[in-house]
Structure formats: C-alpha cells, structure tokens
Amino acid sequence: MIVTLGDRTYPVDIGAGVRGTLPDVVARLGARRAVIVSARPSEVVPDPGVPTLRLAARDGEADKSLANVEALCSQFAGFGLTRSDVVISCGGGTTTDVVGLAAALYHRGTPVVHLPTSLLAQVDASVGGKTAVNLPAGKNLVGAYWQPSAVLCDTELLATLPRREWVNGYGEIARAHFIGAPDLLGRPVAEQIAASVALKAGIVARDERDTNLRHILNYGHTLGHALERVTDYAMRHGEAVAVGTVFAGRLAGTLGRIEADQVAEHLEVVRGYGLPSALPTGIDLDALIAVMRLDKKSVGTGLTFVLTGQDGPQLVGDIDETHVRATLADMPRSATS
C-alpha cells in the first residue's frame, strides 16, 4: 500500500514477517547509520545492516513528553547521526509519536521508519505523519507533521498482545466505520488493518496538514482525548475514542443532524467490537468540557466536534455548551468505563 504525497510518498507494508525487509528499506534510503528506539526486546527489530545505536523506550502517556524528545535528540547527536541517516521506531502509538517528533526536529528532519507493534499503532498512529507529545494542559498539543519513509506493520507482532491492547486498537477501527470504512467487524485482522490504513492514506493524500478533510479522522477524539486526560490516562486511547464515538452519535442526534436509527448505530458498532460505551462513574463534566475547549481543532467561542450528518462527517464548530453538557449528562455511566 502507498501513501501518495509527491516526493514524500512512502509504502505501508502489512503482513506476517514484513519487519524482515528492514535492511532493504534502510539500503533504499542510503543511510550509513541508524538509531533504533524500541519499546520491545532487541530481537524484535532485525539488524538494519548499518552501524546502529539501540535505545530503549517505554510505551505509555507518561513518556510522551518534550523532555523525552530532547533526550532522544541528544543521544542522536552523541552517536553522530546525520540527516542522511535513519531513525527507526519500534513500539506502540506513544513510541511512534515520540520518535517521529524527535526525527522531525533533529537536523530539522531526519528520515524515520516505523515498525508499529500494537494494533492501535498499526491501524492509525504510525501512518499519516502526525507526531506530537502532551502538555499538562492536554494531549498532543506540541507536534509537527513529518511523514515516515516507510511503515512496516508486521502482524506477527500482534500475537502476544493482551486483550486490552486489542480493545485499544479496535476503538480506532470502530470509529472508522463512521468516516468511510467498510464493515470490518469479524474480518481477519490483516484486512482490518489494511482497510483502516487505506482509508487514512486516501484522506491524508488529499489533506496532509489538517486544513479540512483530515479533521474527520478525529471522529470521537474530542471527548476521547478529554477522557484520557481527565482520568489521568487510566482510560486508554482506543477505549476513550470508543466512548467518544458513541457520544458523537448522540450529539449529532441532539443537534438534529441524524435520525434515531443512526444514533443507535454508533452504540451497536462500538459494542460489536466489545468496546466500552459509557462514561466512567463520577466523571467531572466541568473538567471534561474545560479540556475539550483546549482541543487543537477548536474554532470560535463554542465547542468543536467532528460529527456526521446528511453530507457525511465534518468538523462542526461553535456548538453551544448547553447541548454538549446535556448530551454528556444523558450518557450512561460505568464503574469500569
């Protein structure tokens, strides 16, 4: 599969064992040395065929910080990495985000290859060139667009994922149902990944820098990101996006954008993937709304969400807080989120 972006075009290879092509990818890039930043055991990443510095990483929002990006760049410099060399990430979405941003900033742009090892990273985080880290005020508030040179989605690496990591990835697959993906429920995982990546690749090719169309990829994410932040990331990204997707359907119904059967479809799809659909018990609505106001998509004085309607999903701004609060208050609650 190809993400078509002119001179920034790159392949996304999906399948069992594709990480074994890494030396060929590095050779194609002409890199003379490499830095591998991996949250997985060293044997997961093949020898890239050039002198290599291997650095340990940890997946998780706690490490998604500017301090971690600075530390990586310092180690790149100590190794003598040049902008003609390559950085290789191996891990989940946090690792691809942090390493991608470090590569974007080091020498104002050094080639990066992603080897995503979680379902979430393979269906979404590793593709599209968005890199970012968090601030105390909110998620992904500091970042850059930096397209990878290649993405290797090796499905063998998913075999040992715990159930919660599968749930985390399925949150993104479920929301894709409402932005143009075919019905993927029950399909083989490689097909689910390929369809999700194809959808995203087509959108990114038409709107690389989020000026319009690409906003729809954030379906369910405005509330989702706020839930992550307010729960101090006790809710994982895909879990929170699943709840955000149900909320997006309810809010669209509240605003008269869709009919009751389409509102119900949001809940049916999310539950079909075994995903959470309720707000955590005791969640502070004021805190949620305050965080959502800081969302990077926000425009105008009201709140901003990606919502579906007669013309499909689109960014809808200046939504009165009264409607948002009422819809949140009407959401079911769950002690297990």
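Predicted model: local features only at pLDDT ≥ 70, side-chain atom pairs only at ≥ 80, totals over all residues.
User: Why are α7 and α10 called oblique to each other?

Analyst: The axes of helix α7 (residues 221-230) and helix α10 (residues 285-293) cross at roughly 120° and come within 9 Å. Axes are lines fitted to C-alpha atoms, for helices over the stretch in contact, and angles run from 0 to 180 degrees between N-to-C directions. Angles under 35 degrees count as roughly parallel, over 145 as roughly antiparallel, 65 to 115 as roughly perpendicular and the rest as oblique. The pair α7 and α10 is therefore oblique.

User: Which residues make the contact between α7 and α10?

Analyst: Thr222, Leu223, Ala226, Leu227, Arg229 and Val230 of α7 meet Ala287, Leu288, Val291 and Met292 of α10, where contact means heavy atoms within 4.5 Å. These residues comprise eight nonpolar, one polar and one charged. In this classification Ala, Val, Leu, Ile, Met, Phe, Trp, Tyr, Cys and Pro are nonpolar, Asp, Glu, Lys and Arg are charged, and the others, Gly among them, are polar.

User: What makes α5 oblique to α6?

Analyst: Helix α5 (residues 163-176) packs against α6 at an angle of about 50°, the axes being 10 Å apart; that angle makes the pair oblique. Their crossing is left-handed, a term for a near helix turned anticlockwise from the far one by less than a right angle, with clockwise giving right-handed. Trp166, Tyr170, Ile173 and Ala176 of α5 face Val189, Gln192, Ser196 and Leu199 of α6 in this contact. Six of the contact residues are nonpolar, two are polar and none is charged.

User: What is the arrangement of α10 and α11?

Analyst: The angle between α10 and helix α11 (residues 321-329) is about 130°, with axes 11 Å apart, so α10 is oblique to α11. The crossing of α10 and α11 is right-handed. The contact of α10 with α11 holds seven nonpolar, no polar and four charged residues.

User: Why do β1 and β4 count as edge strands of the sheet?

Analyst: The open sheet has seven strands in the order β1-β2-β9-β6-β5-β3-β4, with mixed pairing. Both β1 (2-3) and β4 (52-56) have a single partner strand, so one side of each lacks a neighbour in the sheet.

User: How do you know that β1 pairs with β2?

Analyst: Two strands pair if DSSP finds at least two bridges between them. Two bridges join β1 to strand β2 (residues 10-15), and these strands run antiparallel. Ile2 has Pro11 in β2 as its bridge partner.

User: Which helix packs on the sheet against β1 and β2?

Analyst: Helix α6 (residues 189-206) touches β1 and β2, its direction making about 165° with that of β2.

Note on methods:
Residues numbered from 1 in each chain as written. Heavy atoms only, no water. Helix = DSSP H or I, 4+ residues; strand = E, 2+ residues; numbered from the N terminus.
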